[in-house]
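Student: I would like to learn how to read a model like this one. Please take me through it feature by feature.

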Amino acid sequence: MRPILISFVFGTRPELVKLAPLILAAQADARFAVEVVFTAQHDELVRDAIGFFGIHIDHRLDMMQEGQSLTQLLARGLQQIERVYADGRKRDVVVVQGDTTTVLAASLVAFAHKISLAHVEAGLRSFDLEHPFPEEGNRQLVSRLAHWHFAPTPLSARNLENEGVAGERILVTGNTVVDAVHWARQRLSQPGTESAQAVLSALGLPLTGQERLVLVTAHRRENFGEGIRHICDAVARLVQTHENLHVVWPVHLNPAVRDVVRQSLGDNARVHLLPPLNYPQLMAVLQSSHFALTDSGGIQEECPSFGKPVLILRTTTERPEVVQAGAGRLVGTDADLIVHEAGRLLDDAEHFARMAGAENPFGDGRASLRILERIATDVCTGVPPQALM
Ligand SMILES: CC(=O)N[C@@H]1[C@@H](OP(=O)(O)OP(=O)(O)OC[C@H]2O[C@@H](n3ccc(=O)[nH]c3=O)[C@H](O)[C@@H]2O)O[C@H](CO)[C@@H](O)[C@@H]1O
């Protein structure tokens with residue numbers, strides 16, 4: 001029997017990080033042949049991560065164009081992915097992750113070609129089509145097209161069931177972000193690889209062991225303007241009241257974030273404003289931090305894998321599991337609340353230990369294997385094609 005041909009499509013760094021363990025596991029498994037399509041929806045930020053995971057790209061597309069609208073981006077994605085799939089090769093499965101325009105475009109092309117679609121990290125919902133836009137709409141649309149819905153948690157599986165997705169098409173796998181963290185930690189501890197300490201030192205961060213590092217990141221549109229200003233205000237107050245506190249903030253390149261952060265914290269000696277970090281650098285900083293303050297979805301999921309509490313700079317999250325598990329808290333961008341909650345983590349050792357010791361709601365690092373096992377079993381028993389045709 002010929003191997004099952006899986007085509008992975010991704011366009012941004014978070015998609016790559018979460019698909020990399022799956023791509024590597026499929027490549028190491030003789031049951032599968034693997035094709036990797038990169039749309040370059042993001043470019044620079046992804047390149048480092050592609051190198052770190054050692055992913056071979058079969059088709060590098062060129063989806064971005066200066067000044068194009070969302071519709072134009074989608075149209076360009078559709079056309080370019082279509083060109084790849086028009087080569088007559090028979091793909092058995094298309095795998096996408098998450099909620100970007102790349103994901104929607106690949107899902108529509110897979111549908112048009114009657115290729116069974118697997119959606120990784122399925123079932124996340126904010127239930128508000130405008131927030132995040134266009135991601136919430138993309139997620140919901142992809143759930144109408146996918147054959148397999150690989151839900152990271154029981155809650156995301158329930159969201160899908162509530163929308164009428166048949167139970168036999170949903171599998172709770174854990175989040176592949178945990179697989180990626182395990183892979184990265186192992187890689188960073190191998191002889192010959194730069195240690196976390198060496199990475200920190202190369203970034204110019206303090207290392208006497210007396211300091212307490214806190215990681216801060218903010219990139220969501222909903223926080224631009226007032227939100228970012230309040231976060232900066234809270235960071236300045238925390239540093240002022242905690243002598244050994246050092247804040248490490250890889251600043252998003254968008255001027256709406258960068259200019260405000262530089263202006264308010266640029267001359268604070270214990271606030272280290274860095275350019276965006278590559279994935280292994282981010283892993284090293286997170287591993288060495290006391291906790292994180294972030295609006296990033298991925299970092300919210302990565303923190304519990306490191307046993308690091310996370311304060312979420314949003315008023316809602318599509319990942320409420322981290323809050324329910326006790327590993328995270330929603331603090332929004334209210335400076336007083338940020339200072340209060342961060343202060344508790346810094347000053348109350350018992351409170352810190354409770355949050356740091358919470359169970360990881362995103363799984364055990366074996367999500368990729370569960371996903372591949374399910375695909376292999378179903379394709380071999382002829383389940384998906386009939387379902388689609
Ligand atoms: C509107 C919106 O918010 N959309 C979300 C957003 O996802 P996110 O919030 O998870 O995105 P980030 O925080 O950028 O990525 C996280 C990954 O990057 C690593 N990282 C981070 C900072 C750094 O300096 N160096 C790094 O290596 C980090 O460890 C983690 O693995 O974008 C996605 C695609 O556009 C969307 O699908 C998703 O809905």
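Student: Is Cys-380 buried, partly exposed or exposed?

Tutor: Buried means under 20% relative accessible area, exposed means over 50%, and partly exposed lies in between, with a 1.4 Å probe and protein chains only. Cys-380 has 49% relative accessibility, so it counts as partly exposed. Cys-232, at a relative accessible area of 1%, is buried.

Student: What kind of model is this, and how are residues numbered?

Tutor: This is a predicted model, with residues numbered from 1 along each chain as its sequence is written. Local features need pLDDT of at least 70, side-chain atom pairs count only at pLDDT 80 or more, totals for chains, interfaces and linings use all residues, and side-chain values use heavy atoms, with hydrogens and water left out.

Student: What is the average pLDDT of the chain?

Tutor: pLDDT is the predictor's confidence in each residue, from 0 to 100. Where it is low, the predicted coordinates should not be read in detail. Here the chain averages 94, and 99% of the residues score at least 70. The model's ipTM is 0.94 and its pTM is 0.95.

Student: How many disulfides does the structure hold?

Tutor: A disulfide is a covalent bond between the sulfur atoms of two cysteines. The cut-off used is a pair of cysteine sulfur atoms within 2.5 Å. The structure holds 0 disulfides. For Cys-232, the closest cysteine sulfur is that of Cys-303, 19 Å away, which is too far for a bond.

Student: Into which domains is the chain divided?

Tutor: Domain bounds come from an automatic or database domain assignment. Here they give domain 1 (4–175 + 364–388) and domain 2 (196–356). The domain centres, taken over C-alpha atoms, are 30 Å apart. Contact means heavy atoms within 4.5 Å; 19 residues of domain 1 are in contact with 14 residues of domain 2.

Student: Which residues touch the most other members of the largest nonpolar core?

Tutor: A nonpolar core is a set of buried Ala, Val, Leu, Ile, Met, Phe, Trp, Tyr and Cys residues joined through side-chain atoms within 4.5 Å. The largest one has 65 residues, and Phe-8, Val-93, Val-95, Tyr-279 and Ile-375 touch the most other members. Both domain 1 and domain 2 supply at least three residues to this core. A second, separate core has 32 residues, including Val-235 and Leu-313.

Student: Which residues does Val-93 touch?

Tutor: Leaving out residues up to four places away in sequence, its contacts include Ile-4, Ile-6, Ile-115, Trp-148 and Ile-375.
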